[in-house]
Amino acid sequence: IATSNWPPTGNLGDMLLELVNGGAYTITWPTINWRKPDGTFTTSISTYLAANTGRVALQSSGTDFIVLWSRDAGTTIYGSLV
């Protein structure tokens, strides 16, 4: 997944991804700071999913919704399962 054209620094940009059967594929993510339930961050989606759902992969038969956001033109991207 590649992201581009984020709003300029100082403006919030966000996007919602609907991943159908996402766990059935290998997804190469950009560096994303995944927000865990305890308020800390990890750059590993497997660590993030384990902390949030008890699983280490996206659903291979089902739909996951992920929101990505940035406030600095995409230099730092945050993510969360919704």
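Asn 21 is found in the loop between S1 and S2, in a predicted model where local features need pLDDT of at least 70, side-chain atom pairs count only at pLDDT 80 or more, and totals for chains, interfaces and linings use all residues. Residues are numbered from 1 along each chain as its sequence is written, and side-chain values use heavy atoms, with hydrogens and water left out. The protein chain contains 1 helix and 5 strands, where helices (H or I, at least four residues) and strands (E, at least two) are DSSP runs numbered from the N terminus.

**Overall fold**

- The order of elements in the protein chain, read from the N terminus, is β-β-β-α-β-β.
- The radius of gyration of the protein chain is 13 Å, close to the 12 Å of the globule rule for 82 residues, so the chain is as compact as a globular protein of that length; the radius is taken over C-alpha atoms, and the rule is 2.2 Å times the number of residues to the power 0.38.
- Along the principal axes, the C-alpha atoms of the protein chain fill a box of roughly 35 × 25 × 20 Å.
- Among contacts (heavy atoms within 4.5 Å) in the protein chain between residues at least 6 apart in sequence, 57% join residues at least 24 apart.

**Burial and core**

- Of the 82 residues of the protein chain, 29% count as buried; buried means under 20% relative accessible area, exposed over 50%, and partly exposed in between, with a 1.4 Å probe and protein chains only.
- The largest nonpolar core has 13 residues, of which Trp 29, Trp 34, Ile 45, Leu 58, Ile 66 and Leu 68 touch the most other members; such a core is a set of buried Ala, Val, Leu, Ile, Met, Phe, Trp, Tyr and Cys residues joined through side-chain atoms within 4.5 Å.
- At least two residues of this core come from each of strand S1 (13–20), strand S2 (32–35), helix H1 (45–53) and strand S4 (63–70).
- H1 gives the most to this core, with 3 residues.
- Leaving aside residues up to four places away in sequence, Ile 45 touches Trp 29, Trp 34, Leu 58 and Ile 66.

**Loop residues with positive phi**

- Asn 21 is a residue other than glycine, yet its phi is positive, near 55°.
- The relative accessible area of Asn 21 is 28%, and this residue is partly exposed.
- Ala 73 lies in the loop between S4 and strand S5 (77–81).
- Although Ala 73 is not a glycine, its phi is positive at about 65°.
- Ala 73 is partly exposed, with a relative accessible area of 38%.
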